[in-house]
There are 2 protein chains.
Amino acid sequence: MAESAEQTKELVDRILSVFADGGDTSALDPLLRELRPADLAEIIDRLDGDARVSFFRRVPPELRAETLSEVDEESWPGLLDGVEGAERRALFRELDADDAADILSELPAQEAREILEAIEPEESREIAALMRYDDETAGGVMTTELVSVPATLTADEAIGAVRSQGQEVRDFFTVYVIDEEGRLVGTLPLRDLIVATGTTRVERIMESDVVRVLPTVDQEEVARLIAKYNLVSIPVVDEFDRLLGRITVDDVIDILEAEATEDFFRLSGVDEEEETYATPTEIVRSRIPWLLITLFTSGLGGLVVAYFEDTIERMAFIAVFMPVVAAMAGNSAVQATAVAVRRLALTSTPFRPLRSVAREVVAGLVIGFVIAACIGLAGGFWQGGARVGLVVGGSMWIAISLGVLWGASFPILLHRLGLDPAVSSSVFLTTMTDIVSFLLILGSASLFLGGLL
Amino acid sequence: MAESAEQTKELVDRILSVFADGGDTSALDPLLRELRPADLAEIIDRLDGDARVSFFRRVPPELRAETLSEVDEESWPGLLDGVEGAERRALFRELDADDAADILSELPAQEAREILEAIEPEESREIAALMRYDDETAGGVMTTELVSVPATLTADEAIGAVRSQGQEVRDFFTVYVIDEEGRLVGTLPLRDLIVATGTTRVERIMESDVVRVLPTVDQEEVARLIAKYNLVSIPVVDEFDRLLGRITVDDVIDILEAEATEDFFRLSGVDEEEETYATPTEIVRSRIPWLLITLFTSGLGGLVVAYFEDTIERMAFIAVFMPVVAAMAGNSAVQATAVAVRRLALTSTPFRPLRSVAREVVAGLVIGFVIAACIGLAGGFWQGGARVGLVVGGSMWIAISLGVLWGASFPILLHRLGLDPAVSSSVFLTTMTDIVSFLLILGSASLFLGGLL
């Protein structure tokens, strides 16, 4: 194994270079065993189509299942094409049931059915059951492998039960405690089980205050609960409180990172599906739709300007202030939106939304006034007239205040409508603030400055 | 305890309303015991100054330490002002050493020293040692409480050792294995320890491939390692591989959320310190600096326009295309930047940065051409001249291509210079693309369209 994170990085880059350049890769096989599955997955995600498949074939068979479960889900179908027959069955036998279900959901239905038929019936039933849940719910993320003990056992008996059930279950840190009807009544961290005196009953040492979720709960909500209550795993139960599975914290980290990326991208008008290492064609396809929408909305801004063409002809200096007012209103709106979007992402239900919008608006009026005073004074002195200063400053004040009002309230409105608040992207906001800024400055100029010239 | 997440939310909102409105709060005390420390902390974070302090005094004493460690760090000094003398000492006795160190670092030096002197010497030494590390490093985040066993023990002996050492250590899932010199040689998840046969030696069942960090490693890097390798905790060692402490996954989730918020805010020109529930004054103070910078840079754009004032006077229709070109260039740049910033956040070292910029530029040329063709045709037909179409379309093509080039390369450049890539915010980028867009469209109009009119 590579000793340090630094060495691992170097090794990954070296292997990547050889594979990406299509050089002689035969000397690399011993190096691959130096890496962990997550590193191998990173290499796959960074390679392009063909190189990906040929690299995956070189991954040592005993590391393949775990590597596959770490790879970006877009790559799954391509990688599986490179593994056939007995090798493919072996791969699915190695995979955890929840990972297998995720991967099969990405394959064409016919292919998924064939694979399910080829593996052992018990395993296959478990995978098929997991496939019924929506990908992005607790049911879709959970694993069904877990260890549970009756509340009436002693600590020593429970350790014995864990020892025999635990052989088949990987990574677990908590034992679930159930009553005679199989209902979840508590959790018992392995630490507490070991530290307890051998004859103490499990019900005396278990935590009976258990945060649990139904399989239909959204994965974001699961992530929030785990993050908030510092859990390492959360049990999934049916409506009768019977244990269905568990979700562990490592899955939650992936969910949180994916959600953060999604919000980040949406706010910037990038398709959240855009791959980290996209080809130029993928980049164009992912970004053009947003830009065409922007072209249309900014075209509306252009129409406003066109309407005031003769105002501009008579006082060209006003064109100098147009972009300044628009930029300030746009940026104020983006700031307010970013705060609102992130707040909604972290807390889920807005507490007193009206009050938080009101705070933003008060702040917006103050911010707008400060900026308006600066630009109004500058404009007034430059053009030698208080009226110009008032027109420019007044437009700025109103434009910024409106920008902040929208920026703060749109995400909340979208959330109320059941839409993703992050759709209120900066792209959309700034074209809107552009239109209003142009209307304000050109309209007020033509109304109040016409007599001057 | 409140049974479901829904009930908890309702309870939190109910308590918040009473406290925020300054109503009679005496009836709430039994309700507070229904909540977990994380919920109590949420209430505190959402309340304003005075209400916060009076609420914290009402938190049941046995929940105070844990609640305090969950609260936003900005609130610490204020909350501690409300707790004096013996109560305060009791609070610090209850706190984990790493949380106590974090809280004391936020207090005035004199006050921190007094508290350290008032608590037990052993505890106080531990806290003081942790306070020496930078807040945002592995040393600043780690806890020193852990369980370690010699590699030569049998599994049964190790369980005995865990039982006696573990009494004093909360939440742990892994035992660290050390050699005679106290050097870390492996990790042993509690699951593996329980499942193992009693007479097997620890060195036979431990994981000897341990991802570890030095105390000086940045907390973001720690978070990335834990996320990448699906760890529940990571050991912190000195340069001789001797165990200093451990960092658990729940701390890492907080770090990841804070980093995502920071990047998200920076990209939008919001101070990353802005509180989630800020007052209008705090909002104004946090956002004005960025907006003044924007005012200055967008003023530069205004100067460009002013320079071409007579061009605009002669052909006012060109003012219609100015904001359209600027909006398209700006948004293309923001898209490219968002992707680059997030990629750097998730992978830390860019692989072949030149190649990824080259991909973006190729995509930018194509995207620019499509948009330029649309606007060029529209402009040409509207003004009835191929030359106008070429000037408008040509400016658009160059502006978008340059925007994408900058958007993609600035974050990488900043990363090379050791700065945060997210500083390349949309605010900064769009004012830059504004200036260039105005230069291109007004410059080319005055050069090539002058003869037309």
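**Exercise 1.** Determine which residue of β5(A) stands opposite Ser233(A), and describe the pairing around it.

*Solution.* Ser233(A) faces Thr248(A) in β5(A). This is a predicted model, in which local features need pLDDT of at least 70 and side-chain atom pairs count only at pLDDT 80 or more, while totals for chains, interfaces and linings use all residues. Residues are numbered from 1 along each chain as its sequence is written, and chains are lettered from A and ligands numbered from 1 in the order in which they are written.

Next, consider the two strands (DSSP runs of E, at least two residues, numbered from the N terminus). Strand β4 (residues 233-237) of chain A and β5(A) run antiparallel and are joined by five bridges; strands pair if DSSP finds at least two bridges between them. The two form a hairpin with five residues between them, and Asp241(A) in the turn has a positive phi of about 70°.

Finally, five of the six residues of strand β5 (residues 243-248) of chain A are buried (20 or more other C-beta atoms within 10 Å of a residue's own, C-beta atoms being placed from the backbone).

Notes: Buried ≥ 20, exposed ≤ 12 C-beta atoms within 10 Å, placed from the backbone. Helix = DSSP H or I, 4+ residues; strand = E, 2+ residues; numbered from the N terminus.
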